[in-house]
Every structure is written in C-alpha cells, then in structure tokens.
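Hi,

Here's the structure I promised to pass on.

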Amino acid sequence: FTELYVHELENEGCLRILVSDYLKCLNPQKSIISGIISFYLAARKEASSHLVDGTGHRPHYSLRTLCRALSYAAANPCHSVQRSLYEGFCMSFLTQLDRSSHPLVQKLVCQHILNGNTKCLKQPIPAPPGRTCVEIEGYWVPQGEMEPALDPSYILTASVKLNLRDLARVVSAGTHPVLIQGETSVGKTSLIRWLALTTGNQCVRINNHEHTDIQEYIGCYSSDDRGKLVFKEGVLIDAMRKGYWVILDELNLAPTDVLEALNRLLDDNRELFVAETQEVIKAHPRFMLFATQNPPGLYGGRK
C-alpha cells in the first residue's frame with residue numbers, strides 16, 4: 001500500500017464549514033458557530049495538559065467527539081438551541097472524564113457555547129411528542145413494552161445519581177452505545193438494570209470471557225424437531241429485532257473476532273451483518289447496547 005496520513009482537522013475555516021453544515025437546519029447565528037469552534041479548540045488544549053479521564057490518563061477529543069455532539073444538537077431534542085447544544089456537548093465531552101475534571105469542561109461549555117447565559121439550564125426539558133417516555137433525572141427515556149417498576153432495594157446515593165444522570169442523558173438520545181468502565185463490583189451492571197426496570201425495558205445480559213464465541217451473540221445452524229438444519233438466531237439478534245436492551249459484560253475480555261463482528265452495530269449504522277444467512281439486521285429504534293469493562297490493565301483487560 002501507499003500510505004497516506006490524514007491529519008486531525010484543526011483549521012478554524014474548515015471547522016466552521018463542518019459545524020455550519022451539521023447545524024444548518026437550526027440556522028444558527030455566526031456567534032454560536034464561533035463559540036462552538038473556540039470551545040472545541042480550548043477543550044483539546046485542556047485535554048493535553050489538565051484534564052484526566054476515568055482511568056487517570058489524558059482524554060482524547062477528536063472530530064468524532066465533536067460530530068456526535070453536533071448530531072445530537074441538530075435534532076434539537078430540548079426544543080431550545082442553546083439547551084440542546086449544552087446537553088450534546090456535555091454528553092460527548094464530559095462523560096469520559098474523571099469527576100474532578102467535570103467543572104473545568106462545564107465552565108468552557110457555558111463560557112463559549114452559552115456565552116455565559118445559563119438561564120436555559122433552569123428550564124425543564126419538555127417530553128418528546130408522540131413517544132411514551134419516563135422522566136429520569138430530568139431526561140426522557142423511551143419506555144419499553146413492560147410496565148415500569150421501582151426496585152426498593154436499590155439505593156440512590158449522590159454518586160449513583162450523578163452516574164444515572166449521565167446515563168439517562170445518553171439513553172434519551174437513543175442512538176449511541178454506552179460503555180461503562182470501572183473497578184469490579186462498583187455497580188456498573190446494576191445501574192443499567194435499574195434504569196431498564198424503571199423504564200419498562202426488557203434487559204438481557206451476555207457475559208464475555210476469552211473463550212466467548214460469536215455464535216453466542218449471533219446464532220448458529222442446528223437441527224429442528226424434524227431433523228432439518230435451520231439457523232437459530234442468537235440473543236443479540238433477537239434483542240435487536242424486539243428492541244431490548246443488551247448488556248455486554250466485561251467486553252474487553254471478549255476475543256478480537258467478537259469485537260470486529262460488532263463494529264457495524266457500534267457505529268452510527270446500528271446494524272449487524274449475519275454471514276451465515278447473508279442478511280443485514282437493522283436495530284429496532286428502542287434497542288440499546290451497553291458494555292461494561294474493568295479499567296485497561298486490570299485482570300487482563302485491554303482498552
């Protein structure tokens with residue numbers, strides 16, 4: 001191959017074209033676009049010197065981080081351009097950080113994107129029209145087919161509420177997979193299970209280990225009652241069709257071929273190719289994919 005290296009986009013003129021195109025449906029003022037660009041460049045600068053992620057390393061902000069924030073804001077889910085921008089940039093730029101770094105980035109968001117006007121943050125986010133949702137920490141999470149129920153044994157401490165708020169913000173968008181990283185037994189899986197139960201969503205769990213086979217996810221051929229060889233779909237495809245929530249526990253322990261097979265499901269396509277049947281499975285709108293893992297280097301975990 002002839003190798004070509006594509007540099008990260010940092011030119012302000014190019015960033016202005018990118019931001020303007022993503023937000024063209026909102027017809028934003030030039031000052032808003034300039035504020036977004038100045039925030040992005042300031043956040044990248046702080047990431048290289050002061051910010052720390054949950055594993056104690058420097059966070060990595062790229063065009064994907066910026067574009068996901070812009071995609072969220074472009075849909076204007078909060079029915080307020082400023083509030084949608086605030087929520088989108090907090091979702092993309094805050095959640096990977098250690099709690100000690102949150103105030104610095106939040107200050108940058110308020111300073112550059114909101115231009116110091118934080119009045120919109122005091123207004124509640126309206127419920128989305130045409131959908132049945134459950135309000136969780138100020139965000140509207142789509143309700144599943146089951147009846148919502150509260151688990152009285154689950155204790156909502158101050159730190160759990162902060163994590164729940166971040167989780168509800170992402171789930172309310174309904175488009176991005178969620179990776180929850182932390183030490184063993186800190187409550188990663190139980191947090192997702194509680195949210196699923198509270199919002200009436202069916203939740204299934206897949207445990208991963210070094211011998212996990214992709215067939216456990218997708219399915220395999222087997223004989224039916226008449227001895228005919230048929231393809232029986234796995235738990236992941238079943239969940240995609242029915243709109244269930246799926247927890248991939250200890251995803252960093254799964255073999256490489258499993259991770260590669262999930263690539264198309266983890267990106268914005270939200271689809272899975274089944275080689276055995278040559279079929280492309282599109283995820284149900286309610287389908288959500290969660291993954292949990294230990295920090296890199298712990299118990300053989302990898303980033």
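Ile 247 sits opposite Phe 290 of strand β10. This is a predicted model, by the way.

β10 itself (residues 288-293) is mostly covered, with 6 of its 6 residues buried. Side chains in a regular strand alternate between the two faces of the sheet. Here both faces are covered: Met 288, Phe 290 and Thr 292 are buried on one side, and Leu 289, Ala 291 and Gln 293 on the other.

On to the charges. The whole structure has 13 salt bridges. One of them pairs Asp 166 with Arg 99, with the closest N and O atoms 3.0 Å apart. Asp 166 is in helix α6 (residues 158-173) and Arg 99 in the loop between α4 and α5, so this pair ties together parts 67 residues apart in sequence. Asp 166 is buried at 14% relative accessible area, while Arg 99 is partly exposed at 34%.

Another salt bridge joins Arg 205 and Asp 249, at 2.2 Å between the closest N and O atoms. That one links strand β4 (Arg 205) to strand β7 (Asp 249), 44 residues apart. Asp 249 is buried at 3% relative accessibility, and Arg 205 is partly exposed at 43%.

Glu 216 belongs to helix α8 (residues 214-218).

Cheers

Methods:
Residues numbered from 1 in each chain as written. Predicted model: local features only at pLDDT ≥ 70, side-chain atom pairs only at ≥ 80, totals over all residues. Heavy atoms only, no water. Helix = DSSP H or I, 4+ residues; strand = E, 2+ residues; numbered from the N terminus. Buried < 20%, exposed > 50% of the residue type's maximum accessible area, 1.4 Å probe, protein only. Pairing = 2+ DSSP bridges. Salt bridge = Lys/Arg side-chain N within 4 Å of Asp/Glu carboxyl O.
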